Structures are given as C-alpha cells and as structure tokens.
Amino acid sequence: MNLHLNPLLLKEFRQRMRTIRAPLVITAYLFAMSALTVFLLYENVQGQLYLVQPTKSQQVFALVSLLQMVVVAFLAPAFASGSVSGERERKTLAVLLTTPVGPFGILFGKVVSSSALLVLLVVLTLPVYSLVFLYGGAVPAQVASVLGFQLVTIVVISAVCVLFSTIALRSTWSTVFAYGSVGLMTVIFGALGYGLKSLYEQNPIDYSALVWSHFFYALDPLYVEAAFLGVVSARPHVWVPFVEFYAAVIAILLVPSLWRLRPQWFSWLPFVSGTEKQYQ
C-alpha cells in the first residue's frame with residue numbers, strides 16, 4: 001500500500017511533519033544523543049580521546065543503544081495511544097469511516113504515521129554511531145542488527161498502541177493500556193526472566209524454570225537488544241520468539257479493533273452487536 005492509495009497516511013504525514021514540533025524533537029534528540037556519546041567517550045579516557053580503546057568504545061556503543069531503546073519504547077505510546085480514540089473524541093471517526101479507506105487502511109495509516117517520527121530519529125542517529133566506528137567499538141553488521149531491531153520494536157509498540165486506541169473508547173484508557181504494555185514488555189517480562197533464572201540457579205533440577213526464563217527474557221526488547229550488543233549471553237536467534245509472540249498479540253487485538261471499526265462484519269455472531277454505537 002503506497003501513499004497514493006492511502007490518503008489518510010498522506011494526511012497524517014502532513015499534519016505531523018509540517019508542525020514545529022517535529023524539527024524541535026529531532027534537533028533536541030540528536031543534540032542530546034551526540035552530547036551523551038561524546039561525554040561518555042571523553043570520560044572513559046579521562047579527556048585524552050586518542051587513548052580510546054575498542055573495548056571502552058564498545059561499552060559506550062552498548063550504553064547509547066540501550067538508552068535509545070528505552071527512549072523510543074516510552075515515546076511510542078505518546079505518538080500512538082490517542083491516534084484512533086482521538087478521532088472518536090473529536091467526532092471525526094464516523095466521518096473517516098465513510099471514506100473509501102477501509103478499516104485495514106485506517107489502522108495501517110495510523111501505525112505508520114505514529115511510528116514515522118521515531119523511525120526517523122533512529123535513522124538520523126547513524127552519524128552518532130560514526131564516533132564509535134572511529135575507535136573500533138562496533139562493526140557495521142552489529143550496528144545494522146541493533147538499529148533494525150529498534151525499528152521492529154517501534155513498529156510493534158506502535159501497532160499495539162494503535163489497536164488499544166481503537167478498542168478503548170477514551171484516550172485516557174488507551175494511554176493507560178499503552179504504557180502498561182510497554183512496562184510489561186520492558187520491566188515485568190525482564191523481572192520474571194531474572195527471577196526464574198535465579199530460581200533455576202538455586203535448584204538446577206528444575207529445568208522448566210530455565211526454559212520459562214528464556215521465554216520471558218525473549219519478550220523483553222531490552223534483553224534482546226543487549227543480546228545483539230553482546231552484553232548478555234542468550235540463545236541463538238533470540239529475536240524470533242519476540243517477533244512471533246508480538247505478531248500473535250497484534251493478530252488477537254486486531255479482531256476487536258476491526259469490530260470497533262466495522263461491527264457489521266461480525267453481525268453474524270449471535271453474541272456480538274452489529275450496531276454502530278461504538279463509533280462515537
């Protein structure tokens with residue numbers, strides 16, 4: 001689906017990128033990331049940049065990458081949590097549903113437009129990583145895998161937030177669900193993985209605790225990012241369970257979201273209402 005076939009996406013891009021907010025966010029973010037990277041490199045060698053070692057530069061690369069993952073993970077709900085519920089509150093959702101853009105096109109446009117600015121921020125940080133390249137702290141393949149996973153995480157979180165925004169009737173509730181989901185992904189799953197791993201270390205006979213530990217760790221984007229960076233030792237292709245699990249979550253949330261937008265599609269179900277009351 002391209003921009004010509006989805007006028008909603010084109011309209012969202014124009015609204016989001018033509019305001020003063022977008023260049024200010026980009027400028028402030030790039031300045032902060034650049035200043036932090038230079039500061040960390042400077043502190044690691046006590047002001048003598050020619051003494052930077054690859055191992056120290058790699059530590060800076062890992063720290064900056066993990067920090068960027070935290071930032072984009074908690075910024076994504078701010079852009080996506082009110083995308084559809086805001087249309088409902090402004091009484092424009094019913095009008096939007098009368099356009100040729102179908103429910104899938106609406107959801108697709110909202111996800112892409114909500115994640116576009118964050119994707120742009122991640123791509124624009126590539127020059128910042130050139131400072132790490134300068135001292136041999138990372139190789140291009142590792143940087144590509146780290147940034148690629150960050151882009152996947154942005155799309156996943158944005159999709160979940162947009163679907164919650166469609167299901168919830170108010171932006172307040174969709175924001176609560178969105179940030180609750182991010183907290184579950186980045187904190188709760190990591191804590192469960194750590195607790196189960198500690199339980200296995202105390203009782204090595206209980207192998208199931210280790211299996212579930214790897215499972216919950218694989219659902220934490222920070223842990224998967226750390227595995228790409230070599231900070232933690234993880235199973236090969238640890239990103240595969242991450243993608244599979246959240247693809248299933250998105251597919252499940254897609255059903256009630258479509259019901260919110262097109263209840264007539266589910267009118268054949270005896271326990272589902274086919275009215276349009278939920279539009280407004």
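**Stop 1: the largest pocket**

Start with the lining of the largest pocket, where the residues split into five nonpolar, four polar and two charged. Keep in mind that you are looking at a predicted model. To see the lining, select Q15, R16, M17, T19, R21, A22, A78, F79, S113, S114 and L117. Now color by helix: α1 (7-17), α2 (21-44), α3 (54-80) and α6 (103-124) are the elements that each give two or more residues to this lining. How much space lies in the largest pocket? About 180 Å³. Finding a space like this relies on a simple idea: a probe the size of a water molecule is rolled over the atoms, and that shows where empty space is left.

**Stop 2: α6 against α12**

The axes of α6 and α12 are 10 Å apart, and the two helices pack at an angle of about 115°. Turn the view and look for a right-handed crossing as α6 passes α12. Next, show side chains: P103, F104 and L107 on the α6 side meet L254, S257, L258 and L261 on the α12 side. Sorted by class, this contact has six nonpolar residues, one polar and no charged.

**Stop 3: α8 alongside α12**

Leave α12 (residues 239-261) showing and bring in α8 (residues 140-167). Their axes come within 9 Å and cross at roughly 25°. Angles under 35 degrees count as roughly parallel, and α8 and α12 are therefore roughly parallel to each other. Here the crossing is left-handed. For the α8 side, select F149, T153, V156, A159, V160, L163, F164, T166 and I167. Their partners in α12 are W239, F242, Y246, I250, L253, L254, P256, S257, R260 and L261. What classes do the residues of this contact divide into? There are 15 nonpolar, three polar and one charged.

**Stop 4: α9 and α10**

Last stop! Hide the rest and pick residues 171-202, which make up α9, plus residues 207-218, which make up α10. With axes 8 Å apart, this pair packs at an angle of about 160°. How do α9 and α10 run, roughly parallel or roughly antiparallel? They are roughly antiparallel, because angles over 145 degrees count that way. The crossing of α9 and α10 is left-handed. In α9, highlight F189, G190, L192, G193, Y194, L196, K197, L199 and Y200, and in α10 take Y207, A209, L210, W212, S213, F216 and Y217. Together these give a contact with twelve nonpolar, three polar and one charged residues.

Conventions. Residues numbered from 1 in each chain as written. Predicted model: local features only at pLDDT ≥ 70, side-chain atom pairs only at ≥ 80, totals over all residues. Heavy atoms only, no water. 1 Å grid on protein atoms, 1.4 Å probe; cavity = no way out; pocket = protein on both sides within 12 Å on 5 of 7 lines; lining within 4 Å. Points joined across faces, edges and corners; volume = space filled by probe spheres on them. Helix = DSSP H or I, 4+ residues; strand = E, 2+ residues; numbered from the N terminus. Nonpolar A, V, L, I, M, F, W, Y, C, P; charged D, E, K, R; others polar. Axes fitted to C-alpha atoms, helices over the stretch in contact; angles between N-to-C directions. Parallel < 35°, antiparallel > 145°, perpendicular 65-115°, else oblique. Left-handed = near helix turned anticlockwise from the far one by under 90°. Contact = heavy atoms within 4.5 Å.
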